[in-house]
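Please open the model in a viewer and keep the selection tool at hand. The stops below say what to select and what is to be found there.

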Amino acid sequence: MIALEHASVKYGHALALEDISIEVGLHEIVAIVGRNGAGKSTTLKTLVGLLPLVAGRRVFGERDISRLSVEQIARQGVALVPDTRRIFPNLTVRENLRIGAVAHQPGYWTEARVLEVFPRLGERIDFGGDQLSGGEQQMLAIARALLGNPRILLLDEPTEGLAPLIVDQLVEVFAHVHRQGTGIVLVEQNLKVPMKLAHRQYVLDHGQVVWSGTSAELKDQRQLVENLITTGAAQ
Amino acid sequence: MNASRFDLWLGLPLAAIALLLPFTGPSDFMLNLATLVMIWAVFAIGFDFVFGLLGMVSFGHASFLGLGGYALALATQMWGLPFCAGVSLAIVAGALCAWLFSFFALRVSGIFFALVTLALSQLLYILADSKLRAWTGGADGLPGVARPGLGGIDFFDSTLFYWYVLAVFALVMAAVVVLRRSPFGRVIAGIRQNETRAEQLGFDVHRYKQITFIVSGGISGLAGALLASLLMYVNPQMLHWTTSGDVIIMTLLGGAGTLWGPVIGVLAFEVLKEWLSGWTQYWYGILGLIFILATLFFPKGIVGELQERYGQWRDKAARRDGRIS
(Lines give C-alpha, C1' and ligand atoms only; values in the text may rest on other atoms or scores of the structure.)
Protein backbone atom coordinates (compact mmCIF):
# COMPACT_ATOMS: atom_id res chain seq x y z
CA MET A 1 0.00 0.00 0.00
CA ILE A 2 1.19 3.52 -0.84
CA ALA A 3 -0.47 6.41 0.92
CA LEU A 4 -0.46 10.06 1.78
CA GLU A 5 -1.71 10.73 5.30
CA HIS A 6 -2.94 14.25 6.05
CA ALA A 7 -0.41 15.55 3.58
CA SER A 8 0.02 19.21 2.71
CA VAL A 9 2.25 20.55 -0.04
CA LYS A 10 3.16 24.08 -1.05
CA TYR A 11 4.35 25.68 -4.27
CA GLY A 12 6.22 28.65 -2.86
CA HIS A 13 3.72 30.20 -0.44
CA ALA A 14 0.65 28.73 -2.13
CA LEU A 15 -0.91 25.62 -0.64
CA ALA A 16 -1.26 23.09 -3.48
CA LEU A 17 -2.48 20.14 -1.38
CA GLU A 18 -4.20 20.57 1.95
CA ASP A 19 -4.55 17.80 4.49
CA ILE A 20 -4.99 15.18 1.79
CA SER A 21 -5.26 11.47 2.59
CA ILE A 22 -5.26 8.88 -0.13
CA GLU A 23 -4.39 5.21 -0.07
CA VAL A 24 -3.72 2.77 -2.91
CA GLY A 25 -3.41 -0.97 -2.42
CA LEU A 26 -0.74 -2.86 -4.34
CA HIS A 27 -3.36 -4.87 -6.23
CA GLU A 28 -5.91 -2.26 -7.14
CA ILE A 29 -6.43 0.44 -9.70
CA VAL A 30 -7.25 3.80 -8.22
CA ALA A 31 -8.10 6.90 -10.22
CA ILE A 32 -7.61 10.50 -9.17
CA VAL A 33 -9.93 12.82 -11.04
CA GLY A 34 -10.80 16.47 -10.91
CA ARG A 35 -10.73 19.68 -12.88
CA ASN A 36 -7.58 21.42 -14.09
CA GLY A 37 -5.49 22.68 -11.20
CA ALA A 38 -7.29 20.49 -8.67
CA GLY A 39 -3.98 18.97 -7.52
CA LYS A 40 -3.99 15.62 -9.33
CA SER A 41 -0.48 15.78 -10.78
CA THR A 42 0.77 17.38 -7.57
CA THR A 43 -0.54 14.36 -5.69
CA LEU A 44 1.43 11.98 -7.94
CA LYS A 45 4.58 14.09 -7.64
CA THR A 46 4.16 14.08 -3.88
CA LEU A 47 3.75 10.31 -3.80
CA VAL A 48 7.07 9.80 -5.62
CA GLY A 49 8.90 12.37 -3.51
CA LEU A 50 9.35 15.07 -6.16
CA LEU A 51 7.59 17.53 -3.87
CA PRO A 52 8.37 17.77 -0.17
CA LEU A 53 5.63 17.55 2.43
CA VAL A 54 5.01 20.53 4.68
CA ALA A 55 2.73 18.41 6.84
CA GLY A 56 1.59 14.78 7.04
CA ARG A 57 3.29 11.55 6.00
CA ARG A 58 4.12 9.53 2.91
CA VAL A 59 3.83 5.80 3.57
CA PHE A 60 4.77 2.69 1.59
CA GLY A 61 3.64 -0.58 3.15
CA GLU A 62 4.12 0.03 6.84
CA ARG A 63 7.13 2.26 6.31
CA ASP A 64 7.23 6.05 6.60
CA ILE A 65 8.99 7.17 3.42
CA SER A 66 8.49 10.91 3.96
CA ARG A 67 12.21 11.54 4.21
CA LEU A 68 13.37 9.26 1.42
CA SER A 69 14.79 10.78 -1.76
CA VAL A 70 13.17 10.38 -5.18
CA GLU A 71 15.48 7.54 -6.23
CA GLN A 72 15.08 5.75 -2.90
CA ILE A 73 11.30 5.80 -3.31
CA ALA A 74 11.67 4.61 -6.91
CA ARG A 75 13.78 1.70 -5.67
CA GLN A 76 10.93 0.64 -3.38
CA GLY A 77 9.08 -0.14 -6.62
CA VAL A 78 7.17 3.08 -7.25
CA ALA A 79 7.29 4.22 -10.90
CA LEU A 80 5.86 7.42 -12.32
CA VAL A 81 5.00 8.00 -15.97
CA PRO A 82 4.69 11.79 -16.04
CA ASP A 83 2.24 13.69 -18.23
CA THR A 84 5.05 15.12 -20.36
CA ARG A 85 6.26 11.53 -21.08
CA ARG A 86 9.86 12.52 -20.54
CA ILE A 87 11.58 9.87 -22.55
CA PHE A 88 15.27 10.43 -23.27
CA PRO A 89 15.04 12.01 -26.74
CA ASN A 90 18.63 11.43 -27.85
CA LEU A 91 18.66 7.75 -26.90
CA THR A 92 17.18 5.07 -29.14
CA VAL A 93 14.06 3.14 -28.17
CA ARG A 94 16.26 0.20 -27.19
CA GLU A 95 18.51 2.38 -25.01
CA ASN A 96 15.50 4.00 -23.35
CA LEU A 97 14.15 0.55 -22.53
CA ARG A 98 17.47 -0.69 -21.21
CA ILE A 99 17.78 2.26 -18.86
CA GLY A 100 14.46 1.17 -17.37
CA ALA A 101 15.75 -2.36 -16.97
CA VAL A 102 18.93 -1.29 -15.18
CA ALA A 103 17.04 0.43 -12.40
CA HIS A 104 15.26 -2.37 -10.58
CA GLN A 105 14.92 -6.02 -9.71
CA PRO A 106 14.08 -8.49 -12.46
CA GLY A 107 10.48 -9.68 -12.58
CA TYR A 108 7.64 -10.47 -14.95
CA TRP A 109 8.37 -7.57 -17.28
CA THR A 110 11.24 -8.20 -19.64
CA GLU A 111 12.23 -6.43 -22.84
CA ALA A 112 10.62 -9.25 -24.86
CA ARG A 113 7.35 -8.98 -22.91
CA VAL A 114 7.01 -5.21 -23.23
CA LEU A 115 7.74 -5.46 -26.95
CA GLU A 116 5.01 -8.08 -27.18
CA VAL A 117 2.61 -5.66 -25.51
CA PHE A 118 3.85 -2.71 -27.59
CA PRO A 119 4.83 -4.25 -30.97
CA ARG A 120 5.10 -0.75 -32.48
CA LEU A 121 8.15 -0.14 -30.30
CA GLY A 122 9.75 -3.32 -31.63
CA GLU A 123 9.36 -1.97 -35.17
CA ARG A 124 11.11 1.25 -34.14
CA ILE A 125 13.68 -0.21 -31.78
CA ASP A 126 16.65 1.66 -33.31
CA PHE A 127 14.82 4.94 -33.77
CA GLY A 128 15.69 7.92 -31.62
CA GLY A 129 13.21 8.87 -28.92
CA ASP A 130 12.65 12.20 -30.68
CA GLN A 131 11.64 10.41 -33.89
CA LEU A 132 8.57 8.81 -32.32
CA SER A 133 5.00 10.05 -32.50
CA GLY A 134 3.21 11.21 -29.33
CA GLY A 135 1.49 7.85 -28.93
CA GLU A 136 4.72 5.93 -29.42
CA GLN A 137 6.48 8.14 -26.89
CA GLN A 138 3.74 7.39 -24.40
CA MET A 139 4.11 3.66 -25.08
CA LEU A 140 7.87 3.97 -24.60
CA ALA A 141 7.47 5.86 -21.32
CA ILE A 142 5.09 3.19 -20.01
CA ALA A 143 7.24 0.32 -21.31
CA ARG A 144 10.35 1.79 -19.68
CA ALA A 145 8.53 2.13 -16.37
CA LEU A 146 7.30 -1.49 -16.62
CA LEU A 147 10.84 -2.79 -17.20
CA GLY A 148 11.66 -1.66 -13.68
CA ASN A 149 9.03 -4.19 -12.54
CA PRO A 150 7.33 -1.66 -10.27
CA ARG A 151 5.01 -2.71 -7.50
CA ILE A 152 2.94 0.37 -8.13
CA LEU A 153 2.67 2.36 -11.35
CA LEU A 154 1.59 6.00 -11.30
CA LEU A 155 0.25 7.28 -14.62
CA ASP A 156 -0.29 11.00 -15.12
CA GLU A 157 -2.84 11.56 -17.90
CA PRO A 158 -1.47 8.72 -20.04
CA THR A 159 -4.14 9.04 -22.74
CA GLU A 160 -4.02 12.82 -23.13
CA GLY A 161 -3.89 13.85 -26.78
CA LEU A 162 -3.83 10.30 -28.13
CA ALA A 163 -5.99 8.83 -30.90
CA PRO A 164 -8.97 6.74 -29.65
CA LEU A 165 -7.46 3.57 -31.12
CA ILE A 166 -4.25 4.03 -29.13
CA VAL A 167 -6.26 4.89 -26.00
CA ASP A 168 -8.10 1.57 -26.33
CA GLN A 169 -4.76 -0.26 -26.70
CA LEU A 170 -3.42 1.44 -23.59
CA VAL A 171 -6.53 0.55 -21.58
CA GLU A 172 -5.92 -3.10 -22.46
CA VAL A 173 -2.28 -2.77 -21.47
CA PHE A 174 -3.16 -1.23 -18.09
CA ALA A 175 -5.59 -4.07 -17.41
CA HIS A 176 -2.87 -6.57 -18.34
CA VAL A 177 -0.35 -4.80 -16.06
CA HIS A 178 -2.84 -4.96 -13.21
CA ARG A 179 -3.44 -8.68 -13.78
CA GLN A 180 0.31 -9.21 -13.29
CA GLY A 181 -0.05 -7.87 -9.75
CA THR A 182 0.96 -4.25 -10.16
CA GLY A 183 -1.09 -1.54 -8.47
CA ILE A 184 -2.00 1.45 -10.64
CA VAL A 185 -2.75 5.05 -9.79
CA LEU A 186 -4.34 6.76 -12.74
CA VAL A 187 -4.74 10.49 -13.13
CA GLU A 188 -7.07 11.33 -16.01
CA GLN A 189 -9.25 14.17 -17.17
CA ASN A 190 -11.08 11.84 -19.52
CA LEU A 191 -13.43 10.00 -17.18
CA LYS A 192 -14.03 7.22 -19.67
CA VAL A 193 -10.76 5.48 -18.88
CA PRO A 194 -11.03 5.60 -15.04
CA MET A 195 -14.63 4.42 -15.27
CA LYS A 196 -13.52 1.40 -17.30
CA LEU A 197 -10.52 0.49 -15.17
CA ALA A 198 -10.52 1.92 -11.68
CA HIS A 199 -11.81 0.08 -8.65
CA ARG A 200 -11.89 3.23 -6.56
CA GLN A 201 -11.69 6.93 -7.30
CA TYR A 202 -10.75 10.11 -5.51
CA VAL A 203 -12.19 13.40 -6.66
CA LEU A 204 -9.95 16.37 -5.96
CA ASP A 205 -10.82 20.04 -5.92
CA HIS A 206 -8.61 22.93 -4.81
CA GLY A 207 -6.02 20.54 -3.39
CA GLN A 208 -8.46 18.63 -1.22
CA VAL A 209 -10.23 15.30 -1.53
CA VAL A 210 -13.89 16.21 -1.97
CA TRP A 211 -15.15 12.72 -2.62
CA SER A 212 -13.88 9.14 -2.59
CA GLY A 213 -15.52 5.83 -3.27
CA THR A 214 -15.86 3.05 -5.81
CA SER A 215 -16.41 3.72 -9.51
CA ALA A 216 -19.93 2.34 -9.18
CA GLU A 217 -20.63 4.79 -6.37
CA LEU A 218 -19.22 7.66 -8.44
CA LYS A 219 -21.72 6.90 -11.20
CA ASP A 220 -24.49 7.40 -8.66
CA GLN A 221 -23.12 10.78 -7.58
CA ARG A 222 -24.76 12.45 -10.54
CA GLN A 223 -24.30 16.03 -9.39
CA LEU A 224 -20.59 15.56 -8.75
CA VAL A 225 -20.03 13.95 -12.16
CA GLU A 226 -21.97 16.78 -13.83
CA ASN A 227 -19.77 19.31 -12.09
CA LEU A 228 -16.68 17.56 -13.41
CA ILE A 229 -18.11 17.47 -16.91
CA THR A 230 -19.09 21.14 -16.96
CA THR A 231 -15.56 22.15 -15.98
CA GLY A 232 -14.26 20.17 -18.93
CA ALA A 233 -12.89 17.28 -16.96
CA ALA A 234 -14.70 14.71 -19.01
CA GLN A 235 -15.16 15.08 -22.74
CA MET B 1 20.77 7.75 -35.23
CA ASN B 2 23.02 4.79 -35.89
CA ALA B 3 26.03 6.35 -34.18
CA SER B 4 27.98 3.11 -33.83
CA ARG B 5 28.17 2.55 -37.61
CA PHE B 6 29.16 6.18 -38.08
CA ASP B 7 31.86 5.80 -35.41
CA LEU B 8 33.16 2.76 -37.25
CA TRP B 9 33.29 4.57 -40.60
CA LEU B 10 35.15 7.46 -39.02
CA GLY B 11 37.39 5.29 -36.87
CA LEU B 12 38.62 2.97 -39.61
CA PRO B 13 40.51 5.59 -41.69
CA LEU B 14 41.85 7.21 -38.53
CA ALA B 15 43.15 3.84 -37.32
CA ALA B 16 44.66 3.14 -40.75
CA ILE B 17 46.45 6.50 -40.77
CA ALA B 18 47.73 5.95 -37.21
CA LEU B 19 49.00 2.46 -38.05
CA LEU B 20 50.63 3.42 -41.35
CA LEU B 21 52.21 6.71 -40.27
CA PRO B 22 55.48 5.23 -38.90
CA PHE B 23 56.02 3.39 -42.22
CA THR B 24 55.84 6.56 -44.32
CA GLY B 25 59.22 7.77 -43.12
CA PRO B 26 58.00 10.68 -41.05
CA SER B 27 60.33 13.17 -39.37
CA ASP B 28 60.79 13.13 -35.60
CA PHE B 29 58.77 16.35 -35.48
CA MET B 30 55.83 14.69 -37.24
CA LEU B 31 55.99 11.61 -34.98
CA ASN B 32 56.17 13.74 -31.86
CA LEU B 33 53.23 15.83 -33.06
CA ALA B 34 51.18 12.67 -33.71
CA THR B 35 52.16 11.35 -30.26
CA LEU B 36 51.20 14.66 -28.67
CA VAL B 37 47.82 14.59 -30.47
CA MET B 38 47.10 11.09 -29.11
CA ILE B 39 48.05 12.10 -25.56
CA TRP B 40 45.88 15.22 -25.66
CA ALA B 41 43.16 13.06 -27.21
CA VAL B 42 43.31 10.76 -24.16
CA PHE B 43 42.95 13.86 -21.98
CA ALA B 44 40.08 15.21 -24.09
CA ILE B 45 38.31 11.82 -24.00
CA GLY B 46 38.58 11.82 -20.20
CA PHE B 47 37.37 15.41 -20.03
CA ASP B 48 34.45 14.64 -22.36
CA PHE B 49 33.12 12.10 -19.89
CA VAL B 50 32.12 15.01 -17.70
CA PHE B 51 31.61 17.66 -20.38
CA GLY B 52 30.01 15.75 -23.24
CA LEU B 53 28.30 12.88 -21.46
CA LEU B 54 27.17 14.62 -18.27
CA GLY B 55 26.94 18.13 -19.75
CA MET B 56 29.01 19.75 -16.97
CA VAL B 57 31.75 22.29 -17.74
CA SER B 58 34.78 21.54 -15.58
CA PHE B 59 37.75 23.86 -15.24
CA GLY B 60 39.37 21.39 -12.85
CA HIS B 61 40.73 18.90 -15.34
CA ALA B 62 44.11 20.63 -15.57
CA SER B 63 44.59 19.54 -11.96
CA PHE B 64 44.04 15.87 -12.80
CA LEU B 65 46.36 16.12 -15.80
CA GLY B 66 49.07 17.93 -13.84
CA LEU B 67 48.83 15.63 -10.84
CA GLY B 68 49.19 12.65 -13.17
CA GLY B 69 52.36 14.14 -14.59
CA TYR B 70 53.77 14.92 -11.16
CA ALA B 71 52.80 11.49 -9.82
CA LEU B 72 54.87 9.80 -12.53
CA ALA B 73 57.79 12.21 -12.06
CA LEU B 74 57.87 11.81 -8.26
CA ALA B 75 57.28 8.05 -8.34
CA THR B 76 60.13 7.36 -10.74
CA GLN B 77 62.60 10.08 -9.70
CA MET B 78 62.06 10.54 -5.98
CA TRP B 79 60.77 7.16 -4.87
CA GLY B 80 62.54 5.00 -7.46
CA LEU B 81 59.41 3.14 -8.51
CA PRO B 82 59.22 1.41 -11.91
CA PHE B 83 57.50 3.21 -14.79
CA CYS B 84 54.37 1.04 -14.68
CA ALA B 85 53.88 1.77 -10.98
CA GLY B 86 54.36 5.47 -11.74
CA VAL B 87 51.66 5.41 -14.43
CA SER B 88 49.31 3.51 -12.09
CA LEU B 89 49.98 6.11 -9.43
CA ALA B 90 49.21 8.86 -11.96
CA ILE B 91 45.81 7.31 -12.69
CA VAL B 92 45.11 6.98 -8.95
CA ALA B 93 46.25 10.58 -8.33
CA GLY B 94 43.92 11.93 -11.04
CA ALA B 95 41.01 9.84 -9.78
CA LEU B 96 41.66 10.73 -6.13
CA CYS B 97 41.86 14.44 -6.91
CA ALA B 98 38.59 14.18 -8.88
CA TRP B 99 37.00 12.37 -5.93
CA LEU B 100 38.05 15.17 -3.57
CA PHE B 101 36.89 17.88 -5.98
CA SER B 102 33.55 16.11 -6.36
CA PHE B 103 32.68 16.63 -2.69
CA PHE B 104 32.64 20.39 -3.26
CA ALA B 105 31.86 20.74 -6.95
CA LEU B 106 28.94 18.30 -7.24
CA ARG B 107 26.97 20.19 -4.61
CA VAL B 108 26.27 22.79 -7.27
CA SER B 109 25.54 22.76 -10.98
CA GLY B 110 25.83 24.90 -14.10
CA ILE B 111 28.07 27.95 -13.91
CA PHE B 112 28.68 27.37 -10.20
CA PHE B 113 30.12 23.93 -10.91
CA ALA B 114 32.51 25.54 -13.41
CA LEU B 115 33.49 28.21 -10.87
CA VAL B 116 34.09 25.75 -8.02
CA THR B 117 36.27 23.51 -10.21
CA LEU B 118 38.14 26.60 -11.44
CA ALA B 119 38.77 27.78 -7.87
CA LEU B 120 39.97 24.36 -6.68
CA SER B 121 42.18 23.96 -9.74
CA GLN B 122 43.79 27.36 -9.28
CA LEU B 123 44.34 26.61 -5.61
CA LEU B 124 46.27 23.52 -6.58
CA TYR B 125 48.20 25.45 -9.24
CA ILE B 126 49.26 28.11 -6.72
CA LEU B 127 50.30 25.43 -4.22
CA ALA B 128 52.37 23.64 -6.88
CA ASP B 129 53.91 26.90 -8.08
CA SER B 130 54.93 28.23 -4.67
CA LYS B 131 54.18 26.39 -1.44
CA LEU B 132 55.04 22.88 -2.62
CA ARG B 133 58.20 23.92 -4.48
CA ALA B 134 60.26 21.22 -2.75
CA TRP B 135 58.06 18.58 -4.44
CA THR B 136 57.14 20.29 -7.68
CA GLY B 137 60.25 22.28 -8.51
CA GLY B 138 58.15 25.46 -8.52
CA ALA B 139 58.08 27.37 -11.80
CA ASP B 140 61.17 25.44 -12.97
CA GLY B 141 59.28 22.16 -12.81
CA LEU B 142 60.85 18.70 -12.72
CA PRO B 143 63.00 17.70 -15.71
CA GLY B 144 64.06 14.17 -16.60
CA VAL B 145 60.69 12.41 -16.30
CA ALA B 146 61.06 8.73 -17.18
CA ARG B 147 59.99 6.92 -20.31
CA PRO B 148 58.88 3.30 -20.16
CA GLY B 149 61.51 0.59 -19.91
CA LEU B 150 60.05 -2.66 -21.20
CA GLY B 151 62.28 -5.59 -22.10
CA GLY B 152 65.20 -3.47 -23.18
CA ILE B 153 63.17 -1.50 -25.75
CA ASP B 154 64.49 2.03 -26.22
CA PHE B 155 61.43 4.23 -25.78
CA PHE B 156 63.56 7.33 -26.21
CA ASP B 157 63.23 6.47 -29.89
CA SER B 158 60.34 8.59 -31.23
CA THR B 159 58.89 5.75 -33.33
CA LEU B 160 58.85 3.25 -30.47
CA PHE B 161 57.40 5.79 -28.08
CA TYR B 162 54.74 6.53 -30.74
CA TRP B 163 53.77 2.83 -30.80
CA TYR B 164 53.63 2.76 -27.02
CA VAL B 165 51.29 5.79 -26.89
CA LEU B 166 49.20 4.41 -29.76
CA ALA B 167 48.70 1.17 -27.80
CA VAL B 168 47.61 3.10 -24.69
CA PHE B 169 45.34 5.33 -26.80
CA ALA B 170 43.73 2.25 -28.41
CA LEU B 171 43.14 0.71 -24.97
CA VAL B 172 41.54 3.91 -23.70
CA MET B 173 39.30 4.14 -26.79
CA ALA B 174 38.25 0.50 -26.36
CA ALA B 175 37.48 1.09 -22.67
CA VAL B 176 35.48 4.19 -23.53
CA VAL B 177 33.44 2.33 -26.17
CA VAL B 178 32.66 -0.44 -23.66
CA LEU B 179 31.80 2.07 -20.94
CA ARG B 180 29.56 4.17 -23.19
CA ARG B 181 27.64 1.08 -24.31
CA SER B 182 27.37 -0.40 -20.83
CA PRO B 183 24.31 0.10 -18.62
CA PHE B 184 26.40 2.67 -16.75
CA GLY B 185 26.98 4.62 -19.98
CA ARG B 186 23.29 4.58 -20.83
CA VAL B 187 22.42 5.89 -17.38
CA ILE B 188 24.84 8.83 -17.58
CA ALA B 189 23.49 9.63 -21.06
CA GLY B 190 20.03 9.59 -19.52
CA ILE B 191 21.13 11.82 -16.62
CA ARG B 192 22.45 14.36 -19.09
CA GLN B 193 19.14 14.47 -20.94
CA ASN B 194 16.83 14.48 -17.95
CA GLU B 195 18.23 14.32 -14.45
CA THR B 196 14.85 14.32 -12.72
CA ARG B 197 13.59 11.47 -14.88
CA ALA B 198 16.70 9.44 -14.13
CA GLU B 199 16.08 10.00 -10.41
CA GLN B 200 12.48 8.88 -10.81
CA LEU B 201 13.72 5.69 -12.44
CA GLY B 202 15.60 4.96 -9.23
CA PHE B 203 19.14 6.06 -10.06
CA ASP B 204 21.28 7.78 -7.47
CA VAL B 205 22.21 10.64 -9.78
CA HIS B 206 24.82 12.13 -7.44
CA ARG B 207 26.62 8.80 -7.17
CA TYR B 208 26.63 8.32 -10.95
CA LYS B 209 28.00 11.84 -11.43
CA GLN B 210 30.68 11.22 -8.82
CA ILE B 211 31.79 7.95 -10.42
CA THR B 212 31.88 9.60 -13.85
CA PHE B 213 33.96 12.45 -12.45
CA ILE B 214 36.39 9.98 -10.85
CA VAL B 215 36.73 7.92 -14.07
CA SER B 216 37.30 11.17 -15.96
CA GLY B 217 39.97 12.20 -13.43
CA GLY B 218 41.71 8.83 -13.73
CA ILE B 219 41.88 9.05 -17.55
CA SER B 220 43.16 12.63 -17.27
CA GLY B 221 45.82 11.47 -14.80
CA LEU B 222 46.94 8.84 -17.30
CA ALA B 223 47.17 11.53 -20.01
CA GLY B 224 49.26 13.64 -17.62
CA ALA B 225 51.71 10.78 -17.11
CA LEU B 226 51.99 10.24 -20.89
CA LEU B 227 52.50 13.96 -21.51
CA ALA B 228 55.20 14.23 -18.84
CA SER B 229 56.85 11.16 -20.32
CA LEU B 230 56.76 12.58 -23.86
CA LEU B 231 58.13 15.96 -22.80
CA MET B 232 60.36 14.32 -20.16
CA TYR B 233 59.38 17.31 -18.09
CA VAL B 234 56.56 18.50 -15.88
CA ASN B 235 55.84 21.96 -14.48
CA PRO B 236 52.93 23.71 -12.71
CA GLN B 237 51.71 25.18 -16.01
CA MET B 238 50.06 21.81 -16.63
CA LEU B 239 47.83 22.59 -13.64
CA HIS B 240 46.90 26.07 -14.83
CA TRP B 241 43.27 26.78 -15.74
CA THR B 242 44.28 27.63 -19.32
CA THR B 243 45.05 23.93 -19.82
CA SER B 244 41.42 23.21 -18.92
CA GLY B 245 40.40 26.02 -21.30
CA ASP B 246 42.36 24.41 -24.13
CA VAL B 247 40.72 21.03 -23.65
CA ILE B 248 37.27 22.68 -23.62
CA ILE B 249 38.05 24.35 -26.96
CA MET B 250 39.40 21.10 -28.42
CA THR B 251 36.35 19.11 -27.35
CA LEU B 252 33.85 21.70 -28.58
CA LEU B 253 35.69 22.01 -31.88
CA GLY B 254 35.54 18.25 -32.43
CA GLY B 255 32.06 17.63 -31.03
CA ALA B 256 31.30 17.12 -27.35
CA GLY B 257 29.58 13.87 -26.39
CA THR B 258 30.58 12.05 -29.58
CA LEU B 259 33.09 9.20 -29.56
CA TRP B 260 35.58 10.70 -32.02
CA GLY B 261 34.81 14.37 -31.39
CA PRO B 262 37.51 14.94 -28.75
CA VAL B 263 40.09 13.17 -30.93
CA ILE B 264 39.25 15.17 -34.07
CA GLY B 265 39.09 18.35 -31.99
CA VAL B 266 42.59 17.78 -30.61
CA LEU B 267 43.88 16.95 -34.09
CA ALA B 268 42.36 20.13 -35.57
CA PHE B 269 43.59 22.27 -32.65
CA GLU B 270 47.16 20.96 -32.69
CA VAL B 271 47.53 21.06 -36.48
CA LEU B 272 46.14 24.60 -36.61
CA LYS B 273 48.37 25.60 -33.72
CA GLU B 274 51.49 24.26 -35.43
CA TRP B 275 50.58 25.82 -38.75
CA LEU B 276 49.51 29.23 -37.38
CA SER B 277 52.38 29.54 -34.89
CA GLY B 278 54.87 29.11 -37.74
CA TRP B 279 53.14 31.92 -39.56
CA THR B 280 52.41 34.53 -36.89
CA GLN B 281 53.05 35.14 -33.21
CA TYR B 282 49.35 36.01 -32.82
CA TRP B 283 48.35 32.45 -33.56
CA TYR B 284 46.27 32.08 -30.37
CA GLY B 285 44.09 35.05 -31.37
CA ILE B 286 43.48 33.58 -34.81
CA LEU B 287 42.73 30.20 -33.25
CA GLY B 288 40.24 31.94 -30.96
CA LEU B 289 38.57 33.54 -33.97
CA ILE B 290 38.34 30.17 -35.72
CA PHE B 291 36.84 28.71 -32.56
CA ILE B 292 34.22 31.49 -32.37
CA LEU B 293 33.27 30.99 -36.02
CA ALA B 294 33.14 27.22 -35.54
CA THR B 295 30.80 27.47 -32.55
CA LEU B 296 28.58 29.92 -34.47
CA PHE B 297 28.31 27.88 -37.65
CA PHE B 298 28.99 24.33 -36.37
CA PRO B 299 27.68 24.34 -32.80
CA LYS B 300 27.78 20.55 -32.63
CA GLY B 301 31.45 20.45 -33.59
CA ILE B 302 33.05 18.76 -36.58
CA VAL B 303 32.04 15.21 -35.68
CA GLY B 304 28.65 16.27 -34.30
CA GLU B 305 27.78 17.96 -37.61
CA LEU B 306 29.04 15.02 -39.66
CA GLN B 307 27.08 12.60 -37.48
CA GLU B 308 23.89 14.61 -37.93
CA ARG B 309 24.31 14.72 -41.71
CA TYR B 310 25.04 10.99 -41.77
CA GLY B 311 21.81 10.39 -39.79
CA GLN B 312 19.80 12.56 -42.20
CA TRP B 313 21.31 10.74 -45.17
CA ARG B 314 20.43 7.36 -43.65
CA ASP B 315 16.85 8.45 -42.89
CA LYS B 316 16.45 9.72 -46.44
CA ALA B 317 17.82 6.46 -47.83
CA ALA B 318 15.53 4.42 -45.57
CA ARG B 319 12.48 6.43 -46.68
CA ARG B 320 13.46 6.06 -50.32
CA ASP B 321 13.74 2.30 -49.87
CA GLY B 322 10.43 2.20 -47.99
CA ARG B 323 11.99 0.83 -44.77
CA ILE B 324 10.36 3.61 -42.73
CA SER B 325 7.29 5.74 -43.37
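Begin in chain B by selecting helix α3 (residues 61-78) and helix α4 (residues 83-105), whose axes come within 8 Å and cross at roughly 145 degrees. Axes here are lines fitted to C-alpha atoms, for helices over the stretch in contact, and angles run from 0 to 180 degrees between N-to-C directions. Helices (H or I, at least four residues) and strands (E, at least two) are DSSP runs, numbered from the N terminus. The crossing of α3(B) and α4(B) is right-handed, the near helix being turned clockwise from the far one by less than a right angle.

The model is a predicted one: local features need pLDDT of at least 70 and side-chain atom pairs count only at pLDDT 80 or more, while totals for chains, interfaces and linings use all residues. Residues are numbered from 1 along each chain as its sequence is written, and chains are lettered from A and ligands numbered from 1 in the order in which they are written.

Colour the contact next. From α3(B), the residues that make it include Phe64(B), Leu67(B), Ala71(B) and Leu72(B), and from α4(B) they include Val87(B), Leu89(B), Ala90(B) and Cys97(B). Two residues are in contact if their C-beta atoms, placed from the backbone, lie within 7 Å. This contact divides into 13 nonpolar, 5 polar and no charged residues. Ala, Val, Leu, Ile, Met, Phe, Trp, Tyr, Cys and Pro count as nonpolar, Asp, Glu, Lys and Arg as charged, and the others, Gly among them, as polar.

Now show both chains. The interface brings 17 residues of chain B into contact with 23 residues of chain A. On the side of chain B that touches chain A, α8 (183-193) and α9 (195-200) each supply at least two residues, and α8(B) gives the most, with 6 residues. That side of chain B comprises 7 nonpolar, 6 polar and 4 charged residues.

Move to chain A and select helix α7 (residues 164-179). Leu170(A), Phe174(A) and Val177(A) are buried in α7(A). A residue is buried if 20 or more other C-beta atoms lie within 10 Å of its own, exposed if 12 or fewer, and partly exposed in between, with C-beta atoms placed from the backbone. What covers the buried residues of α7(A) includes α6 (134-147), β7 (152-156), β8 (183-187) and α8 (192-197) of chain A. The face turned away from the buried side carries the exposed residues Pro164(A), Leu165(A), Glu172(A) and Arg179(A). Just after α7(A), Gly181(A) takes a positive phi of about 95 degrees.

In helix α6 of chain A, select Gln138(A). Gln138(A) counts as buried because it has 26 C-beta neighbours inside 10 Å.

Finish at His6(A), in strand β1 (residues 2-11) of chain A. Phi of His6(A) is near 50 degrees, a positive value in a residue other than glycine.
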